[in-house]
Amino acid sequence: MTVDQAAGRRDTAPRPGHVPVVIVGAGPVGVTAALLLARRGVRTVVLERHHDVYPLPRAVAADDEVRRILQAAGVQEEFAAIARPARGLRLLDARHRVMAEFPRAAQGAHGFPQTSMFDQPELERLLRDALARTPECELRGGVEVVGVYQDGDGPDGEGPHSEGPDGEGPVRVVYRDEAGEHLLLADAVLGCDGAGSLTRDAVGAAWEDLRFEERWTVVDVRTSLPVRCWEGVDQICDPRRPATFMRIGEDRYRWEFRLRDDSELDHERLRELVAPWADLAPGADFTVLRQARYTFRARIADRWRRGRVFLLGDAAHLTPPFIGQGLCAGLRDAHNLTWKLARVLRQGADERLLETYESERKPHARHVIRLAVAMGWAMTGGQDGAAAVRRGVLNAAVRIPGLSAAAARDLVPVLAAGPLVHRRARWGGRGLVGGFCPQPWVTVDGRRVRLDELLGDSFALLTAVPPAPSLRAVADGLGARTVPVAGLGDDGRLAAWLREGRADAVLLRPDRVVMDVVPSGAGDLTGTADWASLLHTTRSPLPSRRSVEESLSRSTTR
């Protein structure tokens with residue numbers, strides 16, 4: 001039965017094709033997911049309603065972890081050419097006096113500036129260019145996805161298809177273009193289709209409201225005028241006229257205002273609003289590239305997965321922009337999910353591995369949204385009777401020594417304990433598990449490279465001591481590269497990191513999260529039996545001295 005027949009129409013559709021992964025949406029999250037999957041040999045078809053990149057700016061900030069994700073996707077050098085490091089965030093009062101400053105380092109733990117400003121259309125263009133160079137990826141633009149079905153639901157649900165996960169049929173994706181309707185059969189579908197996600201409906205997810213909704217006007221400008229700027233982000237904490245200001249590029253700036261009405265800003269009103277930063281004389285070079293009204297919301301989907309259909313980015317969570325983490329959260333979703341999905345599809349890992357995507361990412365997304373909401377209330381003060389009290393508390397809190405540094409660290413909390421984050425060690429290494437391995441520059445064959453270029457795309461074992469045979473067996477079973485930290489030319493940074501964490505070795509996941517540790521003097525990992533069954537594979541695309549089954553079986557039964 002064709003799609004059109006199933007829909008009760010007389011015309012026919014081409015016989016459907018099979019693709020390992022269909023990605024709905026070719027924004028930064030969808031394209032990055034496709035590139036990350038391609039690095040692991042997984043083919044994708046990306047379906048996008050627009051023919052070209054959306055030309056207007058939206059997201060403008062990325063942190064150092066996101067820079068590392070773009071490195072993993074193979075576009076870091078191109079991104080570096082369009083990015084501008086930022087000094088951090090300042091909270092200013094109504095008279096533009098500094099209340100608090102949250103500095104961001106020129107180089108963070110991931111090896112990049114802790115905050116970088118960029119133009120989203122430029123980022124999307126370089127991602128699309130990388131996609132076009134990647135044989136495993138295919139972009140189909142100008143199409144409309146009209147249905148995502150699985151478990152016998154929807155069009156052609158009873159047709160004879162190849163077996164999917166747990167004996168079920170594959171996911172069916174129906175899309176429409178100028179030629180009519182088409183059907184793709186996929187082993188998995190990633191919904192990267194934004195706040196109005198059709199995929200979210202297919203998952204059966206509903207929004208949980210995290211209690212923030214405000215209308216703001218965003219103004220993107222190009223100007224050669226001298227703009228008073230500290231090369232970071234200004235948040236104006238004034239309940240009468242809260243605002244945000246940032247420099248995006250050499251001559252590009254953004255202002256965001258919460259206004260009392262939705263009227264268009266004329267030149268005179270705009271001149272008044274930007275006066276604290278720039279003097280707009282008549283005829284001055286000041287080009288408004290975009291003026292748009294947005295409703296900033298705080299929401300999170302109550303479920304992120306159904307079977308082999310997943311939600312990523314704005315389809316799964318919406319955050320106010322006040323801490324610059326909207327796009328960052330979506331790219332973290334892609335980085336967390338893609339290596340797990342590739343291991344299931346390419347190497348036959350346990351289906352339960354995919355359950356860890358939501359259990360790991362959802363708490364972090366909720367945490368970041370709440371931070372953004374707190375910053376929003378700090379800026380606006382709210383309109384209720386407690387607004388003055390909140391502003392007083394803020395004024396006192398931002399003067400607490402060390403709060404600025406703590407707030408910056410709080411953007412990336414360690415993952416909660418779970419199947420892939422083992423924290424039950426009784427001694428040593430517990431502080432490392434669930435956090436990220438730092439990425440220093442290292443020397444390989446006389447070349448200076450970042451650590452991840454040495455580690456590759458799979459698991460890695462960093463060790464300060466010669467590994468025991470059982471530890472080598474685990475590394476072989478995972479396809480992990482074993483890297484002694486001595487002699488890497490990193491000024492002893494990794495050795496010091498292990499020493500401070502009281503660990504002789506760490507096992508890194510492909511997303512560079514520490515999964516397990518070898519505590520100092522222990523000789524073995526602490527939780528192999530907990531995670532080995534999830535990562536156990538029935539096939540491996542990489543040669544190994546012994547089978548995966550033998551390696552993991554020996555490591556879990558020793």
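Me: Why is Arg 512 called buried?

Reply: In this predicted model, the relative accessibility of Arg 512 is 3%. Buried means under 20%. The value of 3% falls under that cut-off, so Arg 512 counts as buried.

Me: Where is Arg 512 placed?

Reply: Arg 512 is in the loop between β24 (503-508) and β25 (514-519).

Me: Why is His 96 called partly exposed?

Reply: Its relative accessible area is 28%. Buried needs under 20%, and exposed needs over 50%. The value of 28% lies in between, so His 96 is partly exposed.

Me: What makes Leu 508 buried?

Reply: Leu 508 has a relative accessible area of 0%. The cut-off is under 20%, so Leu 508 is buried. Leu 508 is found in strand β24.

Me: Which residues does Leu 508 touch, leaving out those up to four places away in sequence?

Reply: Cys 437, Leu 455, Phe 459, Ala 460, Leu 462, Val 513 and Val 514. Cys 437 is 71 residues from Leu 508 in sequence, yet their C-alpha atoms are 7.5 Å apart.

Me: What is the strand order of the open sheet with β24?

Reply: The order is β23-β22-β24-β25, 4 strands with mixed pairing.

Me: Why are β23 and β25 called edge strands?

Reply: β23 (481-484) and β25 each pair on one side only. The twist of this sheet averages 20 degrees from one strand to the next.

Me: How do you know that β22 and β23 pair?

Reply: Pairing needs at least two bridges. Strand β22 (residues 460-463) is joined to β23 by 4 bridges, so the two strands pair. They run parallel. Thr 463 stands opposite Pro 484 in β23.

Me: What is the mean pLDDT of the protein?

Reply: The mean is 85, and 84% of the residues reach 70 or more.

Me: Where does pLDDT stay under 50?

Reply: Over residues 1-15 and over residues 542-558. Beyond four places in sequence, the model has 24 contacts for residues 1-15 and 29 for residues 542-558. Where pLDDT is low, the predicted coordinates should not be read in detail.

How values were computed: Residues numbered from 1 in each chain as written. Predicted model: local features only at pLDDT ≥ 70, side-chain atom pairs only at ≥ 80, totals over all residues. Heavy atoms only, no water. Buried < 20%, exposed > 50% of the residue type's maximum accessible area, 1.4 Å probe, protein only. Axes fitted to C-alpha atoms, helices over the stretch in contact; angles between N-to-C directions. pLDDT = per-residue confidence, 0-100. Contact = heavy atoms within 4.5 Å.
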